[in-house]
Amino acid sequence: MDTHLPAARAAIVADEQWENALQQALDQTAGLPSIDVAILFANSFYAEHFPALLERLQQATNARFILGCSGETIIGQGLELENVPALSLLLLSLPDVILRPVRLTQSMINLCPTPLSWRTHLDVQLDDVNAWLIFADPFHMEVERLIDGLASAYGECPVLGGLASSSNTKARRTHIFFNNEVFTEGGVGLAIGGPYTLHPLVSQGCEPIGETWTITGVRDNLITTISNRPAYDMLVETFKSLPHEVQQRAQRNL
């Protein structure tokens, strides 16, 4: 039995050279007694170097398992980097953890029509998993069927993770990281068991206000006009039309 406490280190770095970015991330996350899981997200600016990046990460950390994916926007502690060469690294040291990594593919989904077939194919039994961490390519795999299959096979175990993305959305090409391999379809999953589980956190929610209008002008990701009127004027007018108690809530959220 391990005697050290669970620990985590995280870093987010932007640099045009992947070697520099990775080394900075490793320097910022140093100090763990052992590394059970390394989770890596990297912008597709580094795509041609992903195999070398994973190999260097494995050599430097000696992590039991590496998983992650490419992303258009890279997020870390207190920072969001969009459309720049960047990577985010999370290292986890988890004494007594039970980890079952699996490679996920569309053909596997097609071969698993029942809960028992899922558990058999993945070779992960109910007693070995308290939660699933999943990263998947949304363009070449039916992710909803994957989630439904895991939910049917593993009951109320939470399933968390995300979909890979890319700076080149027209190419519909993403990258999935699994140890020292890079895949352009399918996904990777990690069954987490022992004394550990995952707790989801929802950052925000939305509800519509006012009437239904037509967006008539945009600039990149900004709405400029609604119903041929300045979008800000429409927002102010809509806000003033709300009941007082709704205005009170909206003031904290708009």
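**Review note: strands, cores and side-chain pairs**

1. In strand β15, Arg229 is the bridge partner of Ile226. Strands here are DSSP runs of E with at least two residues, helices are runs of H or I with at least four residues, and both are numbered from the N terminus. Two strands pair if DSSP finds at least two bridges between them. β15 covers residues 229–230 and pairs with β14 in the antiparallel sense over 2 bridges. The two form a hairpin with 2 residues between them, and Ser227 in the turn has a positive phi of about 50°.

2. The model is predicted: local features need pLDDT of at least 70, side-chain atom pairs count only at pLDDT 80 or more, and totals for chains, interfaces and linings use all residues. Residues are numbered from 1 along each chain as its sequence is written, and side-chain values use heavy atoms, with hydrogens and water left out.

3. β14 (residues 222–226) also pairs with β13 (residues 215–219), antiparallel, over 4 bridges. Val218 has Ile223 in β14 as its bridge partner. This hairpin has 2 residues between the strands, and Asp220 takes a positive phi near 55°.

4. Now the open sheet. It has 4 strands in the order β7-β12-β8-β9, with mixed pairing. β7 (98–104) and β9 (159–163) are the edge strands; each has a single partner, so one side of each lacks a neighbour in the sheet. Neighbouring strands are turned by 15° against each other on average, direction ignored. Axes are lines fitted to C-alpha atoms, for helices over the stretch in contact, and angles run from 0 to 180 degrees between N-to-C directions.

5. Inside that sheet, β8 (residues 131–136) and β12 (residues 187–193) pair in the antiparallel sense over 6 bridges. Ala136 has Gly187 in β12 as its bridge partner. Helix α5 (residues 143–154) lies across β7, β8 and β9, and runs at about 165° to β8.

6. The largest nonpolar core has 23 residues; Leu22, Leu40, Tyr46, Leu53, Leu57, Leu87 and Leu89 touch the most other members. Elements giving two or more residues to this core are β1 (7–14), α1 (18–28), β2 (37–42), α2 (50–61) and β6 (86–93). α1 gives the most, with 5 residues. A second, separate core has 20 residues, including Leu122, Val143, Ala153 and Cys157. A core is a set of buried Ala, Val, Leu, Ile, Met, Phe, Trp, Tyr and Cys residues joined through side-chain atoms within 4.5 Å. Buried means under 20% relative accessible area, exposed over 50%, partly exposed in between (1.4 Å probe, protein chains only).

7. The salt bridge count is 5. The rule is a side-chain nitrogen of Lys or Arg within 4 Å of a carboxyl oxygen of Asp or Glu. Arg64 and Asp36 meet at 3.1 Å, N to O. Arg64 lies in the loop between α2 and β3 (65–70) and Asp36 in the loop between α1 and β2, so the pair ties together parts 28 residues apart in sequence. Asp36 is buried at 7% relative accessible area, whereas Arg64 is partly exposed at 40%.

8. Arg100 pairs with Asp128, the closest N and O atoms being 3.7 Å apart. Arg100 is in β7 and Asp128 in the loop between α4 (115–122) and β8, 28 residues apart. Glu185 pairs with Arg103 at 2.8 Å between the closest N and O atoms. Glu185 is in the loop between β11 (181–183) and β12 and Arg103 in β7, so this pair ties together parts 82 residues apart in sequence. Arg103 is partly exposed at 22% relative accessibility.

9. The whole structure has 3 aromatic pairs. Phe50 and Phe177 are edge-to-face, 4.9 Å centre to centre with 75° between the planes. Phe50 lies in α2 and Phe177 in β10 (residues 176–178), so the pair ties together parts 127 residues apart in sequence. Phe50 is buried at 1% relative accessible area, and Phe177 is buried at 0%. Trp132 and Tyr154 are also edge-to-face, 5.4 Å centre to centre with 65° between the planes. Trp132 is in β8 and Tyr154 in α5, 22 residues apart. Rings of Phe, Tyr and Trp (its six-membered ring) pair if their centres lie within 6.5 Å; planes under 30 degrees apart count as stacked, over 60 as edge-to-face and the rest as tilted.

Methods: Contact = heavy atoms within 4.5 Å.
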